[in-house]
Amino acid sequence: MQKAFAIIGVSLLVWAAIPVLAQENPISELPKIAPEAESDVKAVGAALQEQLIELQNLALQAKQAHWNVSGNLFYPLHELLQEHYEGYSGYADRASERMLSIGVASDGRAGTVVKTAQMPVIPGGFIDDAEVIRFFIDDLKLVGDRTRQRIRDTEDLDPTSANLLQEVEYILGQYQWQYRAHAQSTPTDNQNGSELNQENGTPLYQREQ
Ligand SMILES: [Fe+2]
């Protein structure tokens, strides 16, 4: 009896480990318009999978901020975040469907986003407008730089996928500028965004998460 329980226990452990071990997305055996070498298809699929997960992550964080942003800039940021959410979601869809077009299954499950995105998490609760601005300036810089690297990694293997990644980089750059403009110092205003709201001289966006 104990042996039976042990076998069931080991089986459950193996079953539980499958999602973690299944790092490689399955590839279709059917004819497809894609790079000839399977290793190239895998490399491009992996780049698009990473992009998909990061865009899904950005979409979730943008919605969280859209709902909870507080302060004088509530309304313009609420609107901007909604626009960005729709942009991230749209490009996540395109990254995913490009994967399928070259024959690679995509993985956009919530657990995969949490486990693989490797991005900072936006603070919970009410979030200050200045904190939202600083968070997305940094988060978009991170994802934008990774996207630039993926363009370099894929441009010779699959120019069509690299072109899509260029479009993603374009929009991430535009979104990042739209936050950066809130914090940009000018000859007549030496602001850095932190003065929007401070607590004892410490910008709120530097608080512990
Ligand atoms: Fe809304």
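**Exercise 1. Decide whether isoleucine 151 counts as buried, exposed or partly exposed, and find what it touches.**

Step 1. Isoleucine 151 has 17 C-beta neighbours inside 10 Å, so it counts as partly exposed. The scale is this: a residue is buried if 20 or more other C-beta atoms lie within 10 Å of its own, exposed if 12 or fewer, and partly exposed in between, with C-beta atoms placed from the backbone.

Step 2. Please keep in mind that this is a predicted model, where local features need pLDDT of at least 70, side-chain atom pairs count only at pLDDT 80 or more, and totals for chains, interfaces and linings use all residues. Residues are numbered from 1 along each chain as its sequence is written.

Step 3. Isoleucine 151 lies in helix α5. Helices (H or I, at least four residues) and strands (E, at least two) are DSSP runs, numbered from the N terminus.

Step 4. Leaving aside neighbours within four places in sequence, isoleucine 151 is in contact with Ala162, Leu165, Gln166 and Glu169. Here contact requires that the C-beta atoms of two residues, placed from the backbone, lie within 7 Å.

Step 5. For a C-alpha distance, take leucine 164: it is 13 residues from isoleucine 151 along the chain, and their C-alpha atoms are separated by 8.9 Å.

**Exercise 2. Work out how α5 is oriented relative to α6 and to α2.**

Step 1. Start with α5 and α6: their axes come within 9 Å and cross at roughly 160°. Axes are lines fitted to C-alpha atoms, for helices over the stretch in contact, and angles run from 0 to 180 degrees between N-to-C directions.

Step 2. α5 and α6 are therefore roughly antiparallel to each other. The cut-offs are under 35 degrees for roughly parallel, over 145 for roughly antiparallel and 65 to 115 for roughly perpendicular, with the rest oblique.

Step 3. α5 and α6 cross in a left-handed way; that is, the near helix is turned anticlockwise from the far one by less than a right angle, whereas clockwise would be right-handed. By class, the contact of α5 with α6 has 13 nonpolar, eight polar and five charged residues. Ala, Val, Leu, Ile, Met, Phe, Trp, Tyr, Cys and Pro count as nonpolar, Asp, Glu, Lys and Arg as charged, and the others, Gly among them, as polar.

Step 4. Now turn to α2 (residues 38–68) and α5 (residues 129–154), whose axes come within 10 Å and cross at roughly 170°. This pair is therefore roughly antiparallel, and α2 passes α5 in a left-handed crossing.

Step 5. The contact of α2 with α5 divides into seven nonpolar, four polar and six charged residues. On the α2 side, the residues include Ala43, Val44, Glu50 and Leu58; they meet a set in α5 that includes Val132, Val143, Arg146 and Arg150.

**Exercise 3. Check the span of α3, then list its buried residues and what covers them.**

Step 1. Helix α3 (residues 74–101) has 28 residues, which at 1.5 Å a residue should span 40 Å; its end C-alpha atoms are 40 Å apart, which agrees. The expected span is 1.5 Å times one less than the number of residues.

Step 2. The buried residues of α3 are Leu77, Leu80, Leu81, His84, Tyr88, Tyr91, Ala92, Ala95, Ser96, Arg98 and Met99. Their cover includes α2, β1 (69–70), α5 and α6 (159–183).

Step 3. α2 and α3 pack at an angle of about 160°, with their axes 8 Å apart. That makes α2 roughly antiparallel to α3, and the crossing is left-handed.

Step 4. Just after α3, glycine 103 takes a positive phi of about 95°.

**Exercise 4. Describe glutamine 118.**

Step 1. Glutamine 118 is in the loop between α4 (110–116) and β2 (127–128). It has a positive phi of about 50° although it is not a glycine.

Step 2. Glutamine 118 counts as exposed, because it has 11 C-beta neighbours inside 10 Å.
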